[in-house]
Amino acid sequence: MNMRRYIHFLLSCWLCCGLAATLAACSDDDKDTVLDGSPVETITLNVDVILPPDIRTQWQNAIDLAQTNIAKAQQKLGRQVKLNLRYHNEDTEDLSALGLRLTGLTGADTCHAIIGPYHSANAQDILKWAKETRLPVVLPTCSSSELQRIYAKSTYAWFLTESDITQCEMMISAAKAIGATDVTLIYSDDTYGRSFLDWFAFYAAEQEVSTSVQAITAYRRGDDLSAFLDAAAAQATGLRMLVCVALGDGSDYLSVGRALMTYNTKTASNPDTPHLLPIFADTSSDYSVLSAWPGDVLFGLGISPIGAPAYGFPQYITAHHDQYSMNGEAQMYDALCLIAMGAALQQASPDVCLVDGQQVVYKEKPYTVGLTDYMRSVVSNEGGAITQWNDASLATAFSELSAGRNIDISGATGSMLFDQDTHTKILNTTYLVWQLDNEYDDDGRVTNVDMQPVVYLSTAGSNSEASTTSLWQQQKWWQQMMDNVTYKADLPDVTDHWAVVISPSTTWSNYRHQADAFAMYQLLRHHGYDEDHIILIVEDNLANSTDNKDFTGQIFVERGDDANDSFLNNDVRKNAVVDYHFSDLQPDDIGDILMGRSSARLPHVVRSTATSNVFFFWSGHGGSREGPLWGNENASTYFGTDRIRRIVSEMAEARRYRRMMLAIETCYSGQWGEALTRTPDMLVLTAATPNETSKADVHDKQLGVYLSNAFARTFRRDIDQNHNVTIYDLYKDLARTTTGSHVMLYNQLHYGSVYNESMSEYFPE
């Protein structure tokens, strides 16, 4: 190890909990290889690993370490799990055919688990077959937000890296931290790159870094980027622009680097022309790409998901292998350990598999509980011995699991906290922002790939990294102190709360819309609203419909066995007071109701003032022209973007609210968000963008209809569990769990920091 790396390693250990690194490097559990001379029962699992050859080479140190530590951790146990790794070349294999074969759908196969593919664009070819048998597919680096959205409810798809929603946030946070005034995006038009396209503009707006439509482009191999870079620079508001580059194929980064170098060289003599500095996404950290990077081509910064420094894994790799821990290496290590631990628990408790304290039961084929469920049991159940990734700590983990007991697990990636619904999607990832500082010989060939760490980042900052949330808050504070910028209006104290809940749907086939409206009514009542402060507008023709013969008088949004959901099997129609039947109203009546203009026909209205918080929920159908429809899916009348804009503007001018939030669950609902942008103290949360439909996902076979969708369900659950949830956390959870559409948040710049403001503004108790 050269002196610079050695010094860096020592500093990292000192700053990032060197004790963990020390534990990782040694173990006193080196003695018996059999249990008191007794024969050992070996449980062999065939694990098929799908990776490009260069990534396998890049991760080989982590793979070997995991295999060694798994073996050492079990050497005193009478029953031991062994992983037989079978490798497949991701670059040349027919992945769809491979997935079909490994899942056993074309005949008997001995595959017990799959790790990979490496690239998000290839993961779908494996996942689409795995659902048939619930074969666990562990994806160390598959970060596509779209794939994570599609498989949000699956129990077999394991995502060990947060989605690129978070990576996009990290890149924009890095831009803010280095003082960039503008950002631009170059993305690949594939499953990977589109995640960045979906979220780039939002995070740029949230962190108040300038961007424009002209500063975003899709890249295809061979494209000439010179005209785009000139146009993007022309839109810049300052002299430092960060270029975020997210490409599905790592080999394309070199071409983009050359284009950026050409631009900066061409404009270097002009002091009024912005300098372009790239930050390359995680796919750039392929060793084969970095080892071929010429010294005269601009690299800038890179970002990679990595092991948590507080747990010592990156330091261990650096100390023992004279190289920095690479993108996905820690995730690969955790993938192997998690599969082995799940198998150990399965052997110990073949008839009992508890997730969140409940026995796993499936009501559809395959009915049997499998390895993936025991893996979920390992990471979901709280309590038990605290364990980490090193061999000595793994020995405790395997000992406890082999006895059927819970453990509190942390891995090379840090605290292994997974989503609350399925426990298969990691919630906190550490990202390393780094610089490339290669060493070259006289002929310009790379002799040493040198990735110099700049900063570790995570959303929570829980593993000794910098928290992007706290960085954002510090930036706000600094700008307020130095520039006297006001980010939150000087609002009076809130005195009361009002809500309007609307469903324009009237038919049995649209059951879910009225059901979600009734459920929102119950949520509001549960959080302190009295009946006089909720205006409920529904047709109310479901409970006693002839189609509702099995549950006369009742309406549900969820039915099943999940004891953790307070809405499950509960009649959301019970004790609800309907103020207006939808068919008795006209579109303009909504404006009169919100403005408090009562009449003999409209006795129930909102009587809000400048100290009132107003919540507005709409659940129904929408059309591509103006969003929410006034009626069912075949309605010819739009409520209208102009109408909602006029109503809200009138409320703002008349000071009929202190703050107001609209939550719109319809197709094309983002059109209302766009229409209401720049309204003071107003926030709009929509289930879909202006250009896409919204999908239902809770179907009830007995009733024969959809009961709800993920947007409304997650909204209810998050508020029900913590009414102080920040708007940002609610938004990210909605985005992660809503399938088939992209949840959007509008007008946050005219509202306040979504990191600090919570939903208690509208759900106070």
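Helices (H or I, at least four residues) and strands (E, at least two) are DSSP runs, numbered from the N terminus. The model is predicted, so local features need pLDDT of at least 70, side-chain atom pairs count only at pLDDT 80 or more, and totals for chains, interfaces and linings use all residues. Residues are numbered from 1 along each chain as its sequence is written, and side-chain values use heavy atoms, with hydrogens and water left out.

**Stop 1: Glu665.** Select strand E26, residues 659-665; Glu665 is in this strand. Glu665 is buried, at 4% relative accessible area (buried means under 20%, exposed over 50%, partly exposed in between; 1.4 Å probe, protein chains only).

**Stop 2: the largest nonpolar core.** A nonpolar core is a set of buried Ala, Val, Leu, Ile, Met, Phe, Trp, Tyr and Cys residues joined through side-chain atoms within 4.5 Å. The largest one has 119 residues. Select Tyr511, Phe615, Leu685, Phe715, Met759 and Phe763, which touch the most other members. Then show helix H17, residues 511-526, which gives the largest share of this core, nine residues. Beyond four places in sequence, the contacts of Tyr511 include Leu542, Phe556 and Tyr706.

**Stop 3: the second core.** Select Val47, Ala66, Val81 and Phe313. They are among the members of a separate core of 63 residues.

**Stop 4: H3 and H15.** Show H3 (residues 53-73) and H15 (residues 391-402). In H3, pick Asn69, Ile70, Lys72 and Ala73; they meet Asp391, Leu394, Ala395 and Phe398 in H15.

Technical notes: Axes are lines fitted to C-alpha atoms, for helices over the stretch in contact, and angles run from 0 to 180 degrees between N-to-C directions. Contact means heavy atoms within 4.5 Å.
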